[in-house]
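Trainee: Could we go through this model together, starting from the chain as a whole and ending with single residues?

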Amino acid sequence: MKKLKYTVFALVLHFFFISCGKDNSQVIESELLIHFTNFEAEAVAHGLDIDLSTIDINGYIQNIETRGALGQCKSYSDGSQQIIVDEQYWNRISDYEREYLVFHELGHCVLEREHNDEKDENGNCISIMQSGNNGCKSVYNTEYKPELLNELFTN
Ligand SMILES: [Zn+2]
C-alpha cells in the first residue's frame, strides 16, 4: 500500500513538471525530430532564415480523435505551437510519407501556408500543402521531391 501511494505521487509530480516546463523547453518526440531537422535544413537551402530551436514549437505522436485527420498544427494564444501526428497512421507509413506529413504540418505552423489543391496535367498535386480531399494525387519520391520542396519553401 505504501508503495502504491508513492507511485501515484511520482506520476503527479511528473505531470506537474511537464506543465511547468512547457514555457522554456522544447519537446519534439525523437521519431519526429529527424523530420523537423530535415525541414529546417531544406528551408535554409531554399534561402529561408528558419531556426526551429528559436520557435516555440513542440511535436507529438498521439492518437488524433478527429476523423480523417492524420496530422495537426495547433497554434495557441501565447504564441506556442504544437504539431501532432496520428500514432496509428504514423506506425504504418514509410519514411517518405512521414516526411511528407511532418513537412505539411510544419508548412502550416512555421511557413503559415494554407492548403493548395492545384494539380498538374497528370493529376498530381503540385504542393505538399494539398488538403487530401480534393482529388489530386500525392506523389512524393526522388523525382518529384525537389519540385515539391521548391513549391513549399518559395510560396
Ligand atoms: Zn493541412
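Trainee: Of the 155 residues of the protein chain, what percentage count as buried?
Mentor: Bear in mind that this is a predicted model. A residue is called buried here if 20 or more other C-beta atoms lie within 10 Å of its own. By that criterion, the buried part of the 155 residues of the protein chain comes to 21%.

Trainee: Which pattern does the protein chain follow when it is read along the sequence?
Mentor: The secondary structure of the protein chain amounts to five helices and three strands. Taken in sequence order, these elements give the pattern α-α-β-β-β-α-α-α.

Trainee: Which residue in the turn of the hairpin formed by E2 and E3 has a positive phi?
Mentor: Strand E2, residues 71–75, pairs with E3 in the antiparallel sense over five bridges. Along this pairing, Gln72 stands opposite Ile84 in E3, and Cys73 stands opposite Ile83 in E3. Five residues lie between the two strands of the hairpin, and the one in the turn with a positive phi, of about 90 degrees, is Gly79.

Trainee: Which element gives the largest share of the largest nonpolar core?
Mentor: Of the 20 residues in this core, those that touch the most other members are Phe39, Val85, Val102, Phe103, Leu106, Ile128 and Leu152. The elements that give two or more residues to the core are H2, strand E1 (57–62), strand E3 (81–86), H4 and H5. Among the buried residues of H4 are Val102, Phe103 and Leu106. The largest share of the core, five residues, comes from H4.

Trainee: Within what arc do the buried residues of H5 fall, seen down the axis of the helix?
Mentor: The buried residues of H5 are Leu148, Leu152 and Phe153. They line one face of the helix, because seen down the axis of H5 they fall within an arc of 120 degrees. The face of H5 turned away from this buried side carries the exposed residues Pro146 and Asn150, while what covers the buried residues includes helix H2 (30–45) and H4. The arc asked for is thus 120 degrees.

Trainee: With which residues is Leu152 in contact, leaving aside its neighbours within four places in sequence?
Mentor: Leu152 is one of the buried residues of H5, and it is also one of the residues that touch the most other members of the largest nonpolar core. Beyond its neighbours within four places in sequence, the residues in contact with Leu152 are Phe103, Gly107, Ser127, Ile128 and Met129.

Trainee: Is Glu112 buried or exposed?
Mentor: Glu112 is found in the loop between H4 and H5, and it has a positive phi of about 55 degrees although it is not a glycine. Because Glu112 has 9 C-beta neighbours inside 10 Å, it counts as exposed.

Trainee: How far apart in space are Lys137 and Asn122, C-alpha to C-alpha?
Mentor: Lys137 is found in the loop between H4 and H5, and it counts as exposed because it has 11 C-beta neighbours inside 10 Å. Leaving aside neighbours within four places in sequence, Lys137 is in contact with Gly123, Asn124 and Cys125. Lys137 and Asn122 are 15 residues apart in sequence, and their C-alpha separation is 8.7 Å.

Trainee: What distance separates the C-alpha atoms of Gly135 and Asn124?
Mentor: Gly135 is found in the loop between helix H4 (95–109) and helix H5 (145–153), and with 11 C-beta neighbours inside 10 Å it counts as exposed. Gly135 and Asn124 are 11 residues apart along the chain, and the distance between their C-alpha atoms is 9.0 Å.

Definitions and conventions. Residues numbered from 1 in each chain as written. Predicted model: local features only at pLDDT ≥ 70, side-chain atom pairs only at ≥ 80, totals over all residues. Helix = DSSP H or I, 4+ residues; strand = E, 2+ residues; numbered from the N terminus. Buried ≥ 20, exposed ≤ 12 C-beta atoms within 10 Å, placed from the backbone. Arc of directions from axis to C-beta. Contact = placed C-beta atoms within 7 Å. Core = buried A, V, L, I, M, F, W, Y, C linked by C-beta atoms within 7 Å. Pairing = 2+ DSSP bridges.
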